[in-house]
Amino acid sequence: MSKHTAELTWIREDQPFLDNRYSRRHMARFDGGEQLPMSSSPDVVPAPMSDPSAVDPEEAFVASLASCHMLWFLNLAARQGFRVDSYRDAATGTMGRDDQGRTVMRDVLLRPRVDFSGDALPSREQVEQLHHQAHDTCYLAHSVRCDVRCEPVFE
């Protein structure tokens with residue numbers, strides 16, 4: 001199987017640290033070289049110790065699941081002869097408590113809207129089936145404990 005890496009870097013600089021009022025902003029560097037500013041969620045650690053403009057782990061988690069689903073959907077649509085012009089997803093993740101009282105990601109809701117063109121346009125049922133297949137194929141959806149749901153958006 002393949003291996004995937006992310007390198008995180010956080011540097012204290014001149015922050016006191018022991019008072020717990022240090023910046024949570026850090027950089028994530030991925031195996032392809034792309035860098036992404038990250039921070040704790042301002043819902044968890046208030047600003048200015050967190051950076052609301054950076055990506056927090058919860059957002060990255062939701063984006064990873066949405067991205068995996070989308071990539072499989074595009075692959076399956078192309079294989080079935082449906083030309084996708086655009087794919088937009090307003091995905092959301094909901095945090096809550098599990099049975100042991102731990103804070104967890106309770107569920108992720110994908111809300112993809114897909115536009116097609118060409119001679120072969122899929123029916124609503126075919127689009128729903130493509131989303132079902134994408135969900136069944138997505139590695140990440142099979143790797144998490146929370147419920148991942150897909151509710152396609154149609155005009």
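Which residues does Ser117 touch, not counting residues up to four places away in sequence?

Author: This is a predicted model, in which local features need pLDDT of at least 70 and side-chain atom pairs count only at pLDDT 80 or more, while totals for chains, interfaces and linings use all residues. Residues are numbered from 1 along each chain as its sequence is written, and side-chain values use heavy atoms, with hydrogens and water left out.

Ser117 touches Arg83 and Asp85, leaving aside residues up to four places away in sequence; contact means heavy atoms within 4.5 Å. Ser117 lies in strand E7, residues 112–117. Helices (H or I, at least four residues) and strands (E, at least two) are DSSP runs, numbered from the N terminus. Arg83 is 34 residues from Ser117 along the chain, and their C-alpha atoms are separated by 5.8 Å.

Elsewhere, two helices meet. The axes of H1 (residues 57–79) and H2 (residues 124–137) come within 8 Å and cross at roughly 125°. That angle makes H1 oblique to H2. Angles under 35 degrees count as roughly parallel, over 145 as roughly antiparallel, 65 to 115 as roughly perpendicular, and the rest as oblique. Axes are lines fitted to C-alpha atoms, for helices over the stretch in contact, and angles run from 0 to 180 degrees between N-to-C directions. H1 contributes His69, Trp72, Phe73, Leu76 and Ala77 to the contact, and H2 contributes Val127, Leu130, His131, Gln133, Ala134, His135 and Thr137. Of the residues in this contact, seven are nonpolar, five polar and none charged. Here Ala, Val, Leu, Ile, Met, Phe, Trp, Tyr, Cys and Pro count as nonpolar, Asp, Glu, Lys and Arg as charged, and the others, Gly among them, as polar.

One disulfide is found in the whole structure, and it joins Cys68 to Cys138, with 2.5 Å from S to S. Cys68 is in H1, whereas Cys138 is in the loop between H2 and strand E8 (147–150), 70 residues apart. Both Cys68 and Cys138 are buried; buried means under 20% relative accessible area, exposed over 50%, and partly exposed in between (1.4 Å probe, protein chains only).

Cys146 counts as buried because its relative accessibility is 11%. For Cys150, the closest cysteine sulfur is again in Cys138, at 11 Å, so a bond is ruled out by distance. Cys150 counts as partly exposed, at 24% relative accessibility.

Methods: A disulfide is a pair of cysteine sulfur atoms within 2.5 Å.
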